[in-house]
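Colleague: I've got the sequence and the model open. Could you walk me through some charged residues and a strand pair?

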Amino acid sequence: MSAQKKRNFKIEAFKHRVELDPNYAERTWRVLEHAIHEIYNHNASGLSFEELYRNAYNMVLHKYGEKLYTGLVNTMTGHLKEIARSIESAQGGFFLEELNVKWGDHNKALQMIRDILMYMDRTFVHSSHKTPVHELGLNLWRDNIIHSSKIQSRLLDMLLDLIHRERTGEVINRGLMRNITKMLMDLGSSVYQEDFEKPFLEVSASFYSVESQQLIECCDCGEYLRKAERRLSEEIERVSHYLDVKSEVKITSVVEGEMIANHMQRLVHMENSGLVSMLVDDKYEDLSRMYNLFRRVPDGLSTIKDVMTSHLRDTGKQLVSDPEKLKDPVDFVQNLLDEKDKYDKIITKAFNNDKTFQNALNSSFEYFINLNNRSPEFISLYVDDKLRKGLKGVSEEDVEVVLDKVMMLFRYLQEKDVFEKYYKQHLAKRLLAGKSVSDDTERSMIVKLKTECGYQFTSKLEGMFTDMKTSVDTMQGFYTSQYSEIGDGPTLAVQVLTTGSWPTQPSAPCNLPAEILVICEKFRTYYLGTRTGRRLTWQTNMGTADIKATFGKGQRHELNVSTYQMCILMLFNSVDRLTYGEIEQATEIPPSDLKRCLQSLACVKGKNVLRKEPMSKDIAEDDAFYFNDKFTSKFIKVKIGTVAAQKESEPEKQETRQRVEEDRKPQIEAAIVRIMKSRRVLDHNTIVTEVTSQLQSRFLPNPVVIKKRIESLIEREFLERDKADRKLYRYLA
C-alpha cells in the first residue's frame with residue numbers, strides 16, 4: 001500500500017479587523033452582575049442561563065476574561081459580607097442554624113454561577129493560573145465568613161460547648177453539628193484542623209484529665225475501666241456521627257493517654273481491685289477489658305505481663321516451698337496443674353491467647369518448679385498415682401488430657417534425667433505388682449516421653465515391657481517342663497528382669513522359707529539350663545506372695561503380702577511368740593524394711609494378723625509379736641500393704657541424687673568429645689556454653705562438673721591444653 005501524503009490544516013484569524021462596541025464589555029458585565037445578584041437573592045427562576053452562558057462566553061472570547069473574573073470576585077465578596085452580618089446578628093442557638101442555612105444557599109448559588117461561567121473556568125482560569133470558580137467561592141466563604149473576627153471564635157466556642165454538653169449527658173442536634181463540621185472539611189483539611197480539630201483535642205485532653213483524676217479517687221479498678229471503655233466508645237461514635245473519620249485516631253489517642261496511660265501503674269496495683277485481685281478472683285470480664293484498653297497504649301501490655309509474672313512467681317514460690325503442701329506429692333502436683341489451668345483459662349478467655357502472656361506463664365512455671373529439687377520426683381509420683389488407680393474408669397480422651405498436662409509440667413523441668421530415674425522406679429513397681437491401670441495408658445505415656453526427649457530417654461522403659469512379656473513365656477515353659485515334679489507345693493511366678501533396664505538395687509539376701517527355696521532352685525536350674533551366659537539374682541525386696549492362713553474358730557483367709565512379710569508370717573507356723581530380734585535373726589531382712597513390714601502386719605487396724613506387745617504405732621527392738629488368732633475380716637482375700645513413705649527418705653534421696661550425678665558424668669564427657677571432635681580447638685568458656693546447650697533438654701550441667709570432666713578427659717588423653725594459651729583445649733585423635 002502506497003503511503004499517502006499527510007496534509008496539515010491550519011485555521012487562521014480573520015485578515016480584517018472586527019470592530020467591537022467600546023461599551024460592550026461593561027454592558028455585558030452589567031447583565032452578568034445583575035444575574036449573580038438575582039441568584040444570591042433567590043430570584044434565579046426568571047433568568048435565561050443559556051443567554052447568560054453566551055454572554056460570559058463572548059466576554060472571554062473577546063479577551064475580557066480578567067474583567068469578568070475580577071467582577072465575580074468583587075460581587076461575591078460583597079454578598080458574603082452581607083451574609084456575614086446576617087450570621088453575626090443571629091442570637092444564641094440560632095447562630096449555627098443561620099450559618100448552616102447561609103452555607104447551603106451559598107453552595108446552591110455557587111453551583112449556578114459555575115454553570116454560567118463554565119467556559120471561563122475551562123479556558124481563561126486554566127491559562128492564567130487563577131483559582132477555579134467553585135474553589136474561589138469556598139475560599140471567599142472561608143475568608144469572609146469563617147475567618148470573620150466576630151464569627152471565628154464564636155463558632156469554635158459553640159461547637160466545643162455542644163460537644164461538652166453531649167459528654168455530660170445532654171442530647172444535641174447531631175445533624176446540625178455534622179453539617180457545620182462537614183462545611184469546615186469542605187473548606188479544606190487545614191481549615192478543619194486549625195479552626196476546630198486542634199482546639200477540640202486540647203479541650204478534650206483537659207476534660208479527660210480532670211475526669212480521670214476524679215474517677216480514680218472514687219472508683220475501684222473494674223469500675224474505672226468500665227467508665228474508660230464507655231468514654232472511648234462514645235468518642236468513636238461521636239466521630240462516626242459528625243466528625244472527620246481521620247479524627248478518630250487522634251481523639252481515641254487523647255482518651256487513651258489521659259484515662260489509661262497516665263494511670264496505668266495505679267490501676268494495676270490498686271488494692272483489693274487491681275490486676276492481682278482480678279487474677280485471684282478469676283474476673284475474666286474485667287481482665288479482658290483491662291487487656292483491650294491497655295493494649296492501646298505504649299507499654300500497656302508489658303505492664304500487665306510484668307505484674308502477672310511477678311504475682312505468679314510469688315504464688316508459685318509459695319506453692320513449691322510451703323512445708324504443708326509438700327506433705328502429699330499428688331496434691332503438690334495437682335496444685336501446680338490447677339494453677340496452670342487457671343492461668344491458661346485467663347490467657348484464653350481474657351488475654352486473647354496472646355503469645356507474650358503464654359511465654360510469660362511458661363517462664364514463670366519453669367522458674368518456680370525448679371526451685372524445689374523434688375519436683376521431678378513428685379511429678380513421677382503423681383503419674384504413678386494416676387496410672388495405678390487415679391484413671392480407672394476414665395475415658396481414653398480424658399486419660400490423654402491428664403497425661404498431656406503432666407507432660408506440660410515435665411517440659412518445665414531442668415532435671416529431666418532425675419524424673420527419668422524416679423519414673424523408672426515407679427514404673428517397675430507398677431509392672432511387677434500388676435498395679436497398672438492399663439498397658440495402653442503406660443505405653444501412651446512412654447510415647448509422649450519419647451516424642452519429647454528421644455529414643456535414648458525411653459529405651460530402658462520399653463525394655464521393661466519387653467521383659468514382662470518374655471517372663472510370661474518363660475513361666476509357661478517352666479511349668480510345662482516341670483509339670484510332673486511340682487505336685488502340691490507352692491507355685492512360683494517369676495519375672496526375669498534385664499539388669500540394665502530395671503532400677504534394681506543390690507538387695508541384702510533374705511532367708512526364704514525352705515518350701516519356697518526348693519521351687520526357686522528348680523526354676524534357677526531350668527532357666528540357666530535353657531540359656532547360656534546368664535546369672536540370676538533374686539530380688540526378694542520386690543516380690544509378693546499369696547498365703548493361706550487359718551485363725552481361731554477355723555476362720556480361713558487368703559493373705560496377699562510382700563515376700564518379706566511372707567518370710568515373717570511363715571515363722572509363726574512353728575511358734576506363737578517371737579521377739580523383734582529373733583525375727584531379724586531368722587529372716588535377715590534389712591532393719592528399715594523389717595520395721596515397715598511388722599508395722600503393717602501388727603499395727604494397721606483390720607489387717608493386724610500379728611499382735612504386738614507393748615501396743616504402739618512404732619516398732620522397737622524389744623517388742624514381742626504373737627500370732628493374732630482373734631483376727632477377723634469380712635473379706636476372704638485380705639491385702640496387706642507395706643507401710644512405706646510415699647516419698648523417699650533423706651538417705652534414699654541422697655542416694656538417688658548421687659546415682660543421677662554419676663549417670664551424668666559419661667553424658668557430659670560424650671558431649672565434650674563430640675564438640676571437640678568437630679571443632680578441634682576451643683576455649684574453656686565456649687566448651688561450657690556448647691555442652692550446656694547440647695544437654696539442657698535432659699539437665700542443666702554444672703560448669704564445675706564440666707571442668708572436672710575436661711580434666712578427666714585430659715588425664716585419659718582425649719584432650720590436651722594448648723602450650724601457649726592454657727585456656728585453650730585441643731582434641732587428640
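Here are a few questions and answers about it.

Modeller: Before you ask, this is a predicted model, where local features need pLDDT of at least 70, side-chain atom pairs count only at pLDDT 80 or more, and totals for chains, interfaces and linings use all residues. Residues are numbered from 1 along each chain as its sequence is written, and side-chain values use heavy atoms, with hydrogens and water left out.

Colleague: Okay, how many salt bridges are there?

Modeller: Take a salt bridge as a side-chain nitrogen of Lys or Arg within 4 Å of a carboxyl oxygen of Asp or Glu. By that rule, the count comes to 49.

Colleague: Which residue forms a salt bridge with Arg 238?

Modeller: Arg 238 sits in helix H11 (residues 221–242), and the partner is in helix H8 (residues 152–167), 72 residues apart. Helices here are DSSP runs of H or I with at least four residues, strands are E runs of at least two, and both are numbered from the N terminus. Both partners are buried, meaning under 20% relative accessible area, with exposed over 50% and partly exposed in between (1.4 Å probe, protein chains only). The closest N and O atoms are 2.9 Å apart, and the partner is Glu 166.

Colleague: And Lys 448 with Asp 404: is Asp 404 buried or partly exposed?

Modeller: The closest N and O atoms of Lys 448 and Asp 404 are 2.8 Å apart. Lys 448 lies in helix H22 and Asp 404 in helix H20, so the pair ties together parts 44 residues apart in sequence. Lys 448 is buried, with a relative accessible area of 15%. Asp 404, at 40%, is partly exposed.

Colleague: Where does Asp 299 lie?

Modeller: Asp 299 isn't a glycine, yet its phi is positive, near 65°. At 57% relative accessibility, Asp 299 counts as exposed. Its place is the loop between helix H15 (284–294) and helix H16 (300–321).

Colleague: Where does Glu 717 lie, then?

Modeller: Glu 717 is also no glycine and has a positive phi of about 65°. Glu 717 is exposed, with a relative accessible area of 62%. You'll find it in the loop between helix H30 (703–715) and strand S8 (719–721).
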